[in-house]
Amino acid sequence: MPFVDLREWLGRLDKEGELRRITAEVDWDREIGAIARRVLEKKGPALLFEKIKGYQTGRCTKLVTGVLGDRRRLALALGFPKDVPNRELVQYVMQKNREKIAAVVVRTGPVKENIERGDRIDQAEFPVPKWHFKEGGRYIHTFSAIVTRDPDTRVMNAGIYRGMIGKKNTTPMLLMKGGQHWGHHFVKYSERGQPMPVACVIGWDPIMPFLAGSPIPAGVCEWDVMGAYRGEPAELVRCETVDLDVPATAEIVIEGLIHDDPSTWEMEGPFGEFTGYVSDVPTPRPTMQITCITHRNDPVFQGCLEGTLPGSYSENSVMSSTQRAAIAWNILNGAGIPGIRDVWVPPITNGVNIHVQITKHYQGQPKQIAAALWGASAAQYRYKHVVVVEEDIDASSYEQVDWAFAHRVNAGEGGIVVFPGGFGSPIDPSTPLEDRDVAQLGTGLWNRVLIDATRSWKMPKRPEWDNERFPPTVRPAPEDEARVRARWQEYGLGDL
Ligand SMILES: Cc1cc2nc3c(=O)[nH]c(=O)nc-3n(C[C@H](O)[C@H](O)[C@H](O)COP(=O)(O)O)c2cc1C
């Protein structure tokens, strides 16, 4: 069953004990961010703040965050029980990402209950947090679907891209020409000498950030893929001032134009990024000039606290763990690589690291896997480190993967491969700033690594090793294990 809108989803979370209402007064300035961080660290519920300092009356009084901050809630959002196994969820997402149900445009909807233009536009009327004390400003777009349209094909795209309040009606954003899909659109508008129309959708079905935050192939409209997940068409309404369509039951929509004219750009950043580091330095960025804001009565503002820390992760990590694994697996299938058994993205890495479990068919297979992933545009911010293991290693177990790393990798024999200077993330703190100069390089440069933790086929099979390439492990013989299992109680070890 689809969630019609954010309100229905919050109702479901409430019923499942996955939502906490905070009625104590809290400050949008750093306090909400610090609370959200502590709750993420405790792998706690989503948070609905109902009494925000300075916002107890007015246009918008509530803020929700953390709706997908744990795998339990992602499973619910996708229609599964909270404890669904990873592989099942990943395979469902692989399938759904390739389906479409075309969106329909309806005449109007609740998002049109309030329409503000001109001087009445003021982003500060929404309780936008300053999430982290080192950030350059108040980040209004952390979980919004940013909608643009390809001017050639007229296909819309929805992506999550960060945006900070500039003036009351301007939003500098991390927009890289040619980088993400809206960057492709921006280049096309720029070549026509036109500004790019943009609509930022805040708060709808949780499937919206799940898909907007993921690299669905260029040219595929995310609203149609969301239809496939929902099992019915997304109902959209036309924007007021730009040629774009947005969900009729969204909470808030901000419309505007971005000009490829540096004289209109404003300073943006730094931002507490998904890497867990406060990114880059303040930089002039393409800036949205807001033309209109529409919203429901009593709208709920939605945002996400970005960033992982050692031992705790964010909503993006939870989504990435499933989506980036599904996308990688589809890439590997598309490349015709045999023997893929499982793909695991450790949530703490957001997909910067990925583990692929295979049945090995030939010696060069792990390198083929890495090459296929690194050649895909989905690797822009992801798949920096690829680890390949065999079927006897659970790709989701650090202890098992680390064992294979320790005892199956021969770095001097191709077990570790560095692929230098390819396209990659401009916000990786381990990359020198000159290799992250988007203005000069277009995007970041990455040195990627393959760790081939499979048993090398260059080792000959030996008769004294049961005709295997590696010696037997220390696991007892099956008949010895069976005998011991049968007498376990007798040994007085039944409690173990
Ligand atoms: C919470 C969150 C924040 C994100 N912030 C940004 C961002 O600021 N800039 C960016 O390029 N990608 C960002 N991403 C990743 C993109 O949303 C993702 O790569 C997506 O595929 C972009 O859409 P597109 O493939 O249609 O271009 C973010 C993702 C999430 C989930």
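The model is predicted, with local features requiring pLDDT of at least 70 and side-chain atom pairs pLDDT 80 or more, while totals for chains, interfaces and linings use all residues. Residues are numbered from 1 along each chain as its sequence is written, and side-chain values use heavy atoms, without hydrogens and water.

**Exercise 1.** Determine which strands are joined to S7 by bridges.

*Solution.* Strands (E, at least two residues) and helices (H or I, at least four) are DSSP runs, numbered from the N terminus. Two strands pair if DSSP finds at least two bridges between them. S7 has 3 bridges to S11 (residues 196–202), and these two strands run antiparallel. A further strand, S8 (residues 156–159), is joined to S7 by 4 bridges, also antiparallel. There, Arg-149 stands opposite Met-156. S7 and S8 form a hairpin with 6 residues between them, and Arg-154 in the turn has a positive phi of about 70 degrees.

**Exercise 2.** State whether the residues of S7 are buried or exposed, and which way they point.

*Solution.* Buried means under 20% relative accessible area, exposed over 50%, and partly exposed in between (1.4 Å probe, protein chains only). In S7 (residues 145–149), 5 of the 5 residues are buried. Ala-145, Val-147 and Arg-149 point one way, Ile-146 and Thr-148 the other. In a regular strand the side chains alternate between the two faces of the sheet.

**Exercise 3.** Locate Leu-496 and classify its exposure.

*Solution.* Leu-496 lies in the segment after helix H12 (478–486). Its relative accessible area is 69%, so Leu-496 is exposed.
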